[in-house]
Amino acid sequence: ELSLRRLSHFDPLTGLANRGLFQDRLEQSLMQASRNSTNVGLLFIDVDRFRVVNDLYGHSLGDQLLVACARRLAGNLRRSDTVARLGGNSFAVILDGVRNVGVLTSVASKISDALKQPFRIDGHEIFVTVSIGLDISCEASHDPGQMVRRTELALHQAKRDGRNACQVYTAHHAPMDKIRVGLESALHHAMERDE
């Protein structure tokens, strides 16, 4: 029963919180922030070109790399912060009591620097970079769904900027993504019609 409960809340590979526990903790953090008039920081982190590691060295070494990344992530944050594996090569961090965006970018920079240090796994020296999307809650909105969407938009922008980058969500991301999706759809239909 204890084992089943653990599996329902924690990622079996890394031991980090899983997506379900992440969602719960984000909701709790935002409710607490709303009551205390504080802010919550959210980071989405993708290990860049992780598929290349799997292709070159195999999935077993890829799994070991994810475990090592998880340890390094957790080791560079406060014990009170939530670190989660959302799946694949994606991680999330919830930071309670963040004063401003500057603190959030400082944490992101520290994480990026820590993960750039080489990993030594099974006799291989592996270097990785990460793309990080950032968002901070505000007085106007403590909605977890909106915060997740904003952070995802920032992460996608960091990837479009060439990876190995941190991007803070700004209000211009949402309209630009809608325009991009509309253009992709129009191009797809134009190709079908030989236009």
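Biologist: Where is Val52 found?
Modeller: Keep in mind this is a predicted model. Val52 is found in a helix that runs over residues 50-57. That one is helix H3.

Biologist: Is Val52 buried, partly exposed or exposed?
Modeller: Its relative accessibility comes out at 43%. Buried needs under 20% and exposed needs over 50%, so Val52 counts as partly exposed.

Biologist: What accessible area do Val52, Leu56 and Tyr57 have together?
Modeller: Those three form a nonpolar patch on the surface. Together their accessible area is about 290 Å².

Biologist: How many salt bridges does a search of the whole structure find?
Modeller: One of them joins Asp11 and Arg85, at 3.1 Å from N to O, and another joins Lys159 and Asp46, at 2.4 Å. Arg78 also forms one with Asp81, with the closest N and O atoms 2.6 Å apart. The search of the whole structure gives five.

Biologist: How many residues apart are Asp11 and Arg85, the salt-bridge pair?
Modeller: Asp11 sits in the loop between helix H1 and helix H2, and Arg85 is in strand E2. The pair links distant parts of the chain, with a separation of 74 residues.

Biologist: What does helix H4 reach from its first C-alpha to its last?
Modeller: Helix H4 has 17 residues, and its reach is close to what's expected at 1.5 Å a residue. The reach is 24 Å.

Note on methods. Residues are numbered from 1 along each chain as its sequence is written. This is a predicted model: local features need pLDDT of at least 70, side-chain atom pairs count only at pLDDT 80 or more; totals for chains, interfaces and linings use all residues. Side-chain values use heavy atoms; hydrogens and water are left out. Helices (H or I, at least four residues) and strands (E, at least two) are DSSP runs, numbered from the N terminus. The expected span of a helix is 1.5 Å times one less than its number of residues. Patches are made of residues with over 30% relative accessible area and no salt bridge: like charges are joined within 9 Å, nonpolar side chains (Val, Leu, Ile, Met, Phe, Trp, Tyr) within 5 Å. Accessible areas come from the Shrake-Rupley method with a 1.4 Å probe; for residues, only the protein chains shown count as cover. A salt bridge is a side-chain nitrogen of Lys or Arg within 4 Å of a carboxyl oxygen of Asp or Glu. Buried means under 20% relative accessible area, exposed over 50%, partly exposed in between (1.4 Å probe, protein chains only).
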